[in-house]
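Biologist: Hello! Could you walk me through this protein, one question at a time?

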Amino acid sequence: MKRQLAALLLTIFALSLTACGETAAESETRTVYAMDTVMNLTVYGENAAAALESAEKELHTLDEAVLSRTAEGSELYALNASNGETVECGADDILPALIETALAISEATDGAFDPTLAPVLDAWGFTKDLRRVPSADELAALLAHTGRDKVALEETADGYSVALSDGAQLDLGGIAKGYAADLLRAQLEKEGVTSATLDLGGDVFVMGKKSDGSDWRIAVKDPGDTESYLGIVSASDAFIVTSGVYERYFEENGVRYHHILDPKTGSPAESGLVSVTVMCKNGAWADALSTACFVLGADGALALRDDLAAQGTNFELIFVTDDGRVLYTGGLAAAFTPNEESGYTYESLA
Ligand code: ADP
Ligand code: MG
């Protein structure tokens with residue numbers, strides 16, 4: 001039921017993404033179900049149909065053959081089942097490249113993004129459709145098997161080798177969709193596409209501009225009422241990714257437990273936020289940073305933004321706090337238009 005509702009909402013938002021002032025440019029839209037997510041892809045121009053066909057194929061291959069934790073044939077499944085043995089990968093393989101990015105972001109966020117939370121997520125039942133609250137002892141025992149130091153990724157003569165030590169297992173759910181969006185973008189560019197919108201379920205990429213030359217307008221969902229929106233971001237060639245606690249959660253004894261874990265505690269992050277939206281030029285980073293910034297909370301995320309800016313990685317943020325405020329960073333001052341009817345108070349940060 002929840003999934004059907006989510007699908008419906010995504011469709012509405014995908015429509016609002018493309019419908020504003022769009023002229024009758026040639027376009028094709030396709031809905032794809034992959035990575036446990038309803039995705040809406042729209043491509044403009046003559047090659048639209050062929051480009052969508054290959055984009056859909058790429059998404060299914062990525063999901064089933066590479067990134068799925070549950071499909072027995074996937075490369076990630078094999079790695080997680082390797083029992084500490086070293087796994088050899090080719091130079092052009094996607095999995096080691098994605099692991100390398102995930103480890104870099106884990107380091108950049110001081111572990112707030114942690115790709116090794118698989119056993120902890122399993123204990124909460126988020127990966128199966130089984131929800132339970134693990135005990136503190138159980139979580140402490142599981143956390144001993146997590147951390148990026150347990151992932152050894154090395155370059156070899158033929159590519160890469162990966163080894164997981166101390167019973168570590170990877171869950172790439174916080175970065176996979178963003179990485180997939182990066183790959184789709186590269187594929188579309190190769191096919192000569194210059195204008196497209198890809199909505200991979202909350203991970204949005206807008207390529208180029210609308211056919212009338214204006215920026216795309218992306219509605220950012222209201223985490224308190226997902227049928228409404230917080231505001232509109234105007235952007236071109238950007239990834240806009242939201243991590244929130246309104247989609248995957250369960251309630252027990254009146255407490256709400258959601259699926260973004262604080263790697264320090266192994267429990268759902270309590271950072272005073274209900275959603276974080278990241279805008280940047282790279283899909284994998286946008287996706288993983290949205291998860292990390294949710295864990296870090298507004299102050300920690302703003303400090304991270306300054307740190308990364310000093311190293312040449314820029315991104316913008318929209319926070320929704322649990323006391324009803326929407327905060328957005330300076331680079332969005334002109335690009336973000338609040339929805340004044342939403343009931344939130346809005347604050348533009350420096
Ligand atoms: P969604 O996938 O719902 O759009 P996110 O991008 O925020 O949301 O990713 C959340 C997913 O990331 C979880 O379902 C889980 O697979 C994984 N995850 C949860 N907490 C963390 C964390 N601290 N670091 C890395 N991955 C996480
Ligand atoms: Mg994410």
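Predicted model: local features only at pLDDT ≥ 70, side-chain atom pairs only at ≥ 80, totals over all residues.

Biologist: Which residue in strand 2 is the bridge partner of valine 32?

Modeller: Residues are numbered from 1 along each chain as its sequence is written, chains are lettered from A and ligands numbered from 1 in the order in which they are written, and side-chain values use heavy atoms, leaving out hydrogens and water. Strand 1 (residues 27–34) pairs with strand 2 (residues 37–44) in the antiparallel sense over eight bridges; pairing needs at least two bridges found by DSSP, and strands are DSSP runs (E, at least two residues; helices are H or I, at least four), numbered from the N terminus. In strand 2, the partner of valine 32 is methionine 39.

Biologist: Which residue takes a positive phi in the hairpin of strand 1 and strand 2?

Modeller: That hairpin has two residues between the strands. The one with a positive phi, near 55°, is methionine 35.

Biologist: How far apart are the centres of domain 1 and domain 2?

Modeller: The chain is divided into domain 1 (5–64 + 176–348) and domain 2 (66–164), with bounds from an automatic or database domain assignment. Taken over C-alpha atoms, the separation of their centres is 24 Å.

Biologist: What area is buried between domain 1 and domain 2?

Modeller: Buried area is the accessible area (1.4 Å probe) that two parts lose on being put together, summed over both. Carbon and sulfur atoms give 77% of it here, and the area is about 2,400 Å².

Biologist: Which three residues supply 24% of the area that domain 1 buries against domain 2?

Modeller: This trio supplies more than any other three residues of domain 1. They are Tyr179, Phe250 and Pro263.

Biologist: How many salt bridges are counted between domain 1 and domain 2?

Modeller: A salt bridge needs a side-chain nitrogen of Lys or Arg within 4 Å of a carboxyl oxygen of Asp or Glu. Between these two domains the count is zero.

Biologist: Which element gives the most residues to the side of domain 1 that touches domain 2?

Modeller: Elements giving two or more residues to this side include helix 2 (48–67), helix 7 (176–190) and helix 8 (283–310). With ten residues, the top contributor is helix 8.

Biologist: Which residue in the turn between strand 11 and strand 12 has a positive phi?

Modeller: These strands run antiparallel, joined by four bridges, and glutamate 252 has valine 255 as its bridge partner. Their hairpin has two residues between the strands, and the residue with a positive phi of about 45° is asparagine 253.
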